[in-house]
Amino acid sequence: MLEKDFYQLCESELSRLFDELEKLDVNSDFDIDYADGILKIELSGDKTYVINRNSGNQKIWYSSPVSGADYFAFNAEKKSWENNKNLELSTKLFSELKKFL
């Protein structure tokens, strides 16, 4: 995949996640920030998610206080970001965050 295409796909996914998180966080339980390809979600108790693009291997890096580190590659057929267990990025993230709401 061309680097510009990877960048656009990441930007689209991370922006979408940010927007969904903003809608979900009606009680301001999270401190959510998105800038320069880095999505940061701070929870109470010093728990922080960091999700960002990794241009070197063309994957999205996922750091979770619940499940640890993971990588998600773009599946062109499904048009989704999936880890090596075929779990979609947003599915994993929102499943974990439900525990904190």
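# Close-up views of a predicted model

**View 1. Phe-6, Phe-74 and Trp-81 form one aromatic cluster.** The model is a predicted one, in which local features require pLDDT of at least 70 and side-chain atom pairs count only at pLDDT 80 or more, whereas totals for chains, interfaces and linings use all residues. Residues are numbered from 1 along each chain as its sequence is written, and side-chain values use heavy atoms, with hydrogens and water left out. A search of the whole structure finds five aromatic pairs (rings of Phe, Tyr and Trp, the last by its six-membered ring, pair if their centres lie within 6.5 Å; planes under 30 degrees apart count as stacked, over 60 as edge-to-face and the rest as tilted).

**View 2. Six strands form an open antiparallel sheet in the order β1-β2-β3-β4-β5-β6.** The edges are taken by β1 and β6, each with a single partner strand, so one side of each is left without a neighbour in the sheet. Neighbouring strands are turned by 20° against each other on average, direction ignored, with axes taken as lines fitted to C-alpha atoms, for helices over the stretch in contact, and angles running from 0 to 180 degrees between N-to-C directions. Two strands count as paired if DSSP finds at least two bridges between them. Strands β4 and β5 are joined by six antiparallel bridges, with Lys-59 opposite Ala-73 in β5, and a hairpin connects β4 to β5 through three residues. Three bridges join β5 and β6 in the antiparallel sense, and here Phe-74 stands opposite Trp-81. In the hairpin of β5 and β6, which has four residues between the strands, Lys-79 adopts a positive phi near 55°.

**View 3. Strand β2 (residues 38-43) presents alternating side chains to two faces.** On one side, β2 pairs with β1 (residues 31-35) over five antiparallel bridges, in which Asp-31 has Glu-42 as its bridge partner. The hairpin of β1 and β2 has two residues between the strands, and Asp-36 in the turn shows a positive phi of about 50°. Six antiparallel bridges also link β2 to β3 (residues 47-54), with Lys-40 opposite Val-50 and Leu-39 opposite Ile-51. Between β2 and β3 the hairpin has three residues, among them Gly-45 with a positive phi of about 75°.

**View 4. The largest nonpolar core has 21 residues.** A nonpolar core is a set of buried Ala, Val, Leu, Ile, Met, Phe, Trp, Tyr and Cys residues joined through side-chain atoms within 4.5 Å. Within the largest core, the residues with the most contacts are Leu-21, Leu-39, Ile-41, Ile-51 and Leu-93. At least two residues of this core come from each of α1 (3-24), β1, β2, β3, β4 (59-64) and α2 (89-97), and α1 gives the most, with five. Leaving aside neighbours within four places in sequence, Ile-41 is in contact (heavy atoms within 4.5 Å) with residues including Leu-21, Phe-30, Ile-32, Ile-51 and Leu-93.

**View 5. Helix α2 lies across β2, β3, β4, β5 and β6, running at about 10° to β4.** Seven of the nine residues of α2 are buried, so the helix is largely enclosed by the rest of the structure. These buried residues are Leu-89, Ser-90, Lys-92, Leu-93, Phe-94, Glu-96 and Leu-97, and they pack against α1, β2, β3, β4, β5 (68-75) and β6 (80-82).

**View 6. Arg-53 is placed in strand β3.** With 16% relative accessibility, Arg-53 counts as buried. Not counting residues up to four places away in sequence, Arg-53 touches Phe-6, Tyr-7, Cys-10, Glu-11, Leu-14, Asp-36, Gly-37, Lys-59 and Ile-60.

Conventions
Buried < 20%, exposed > 50% of the residue type's maximum accessible area, 1.4 Å probe, protein only.
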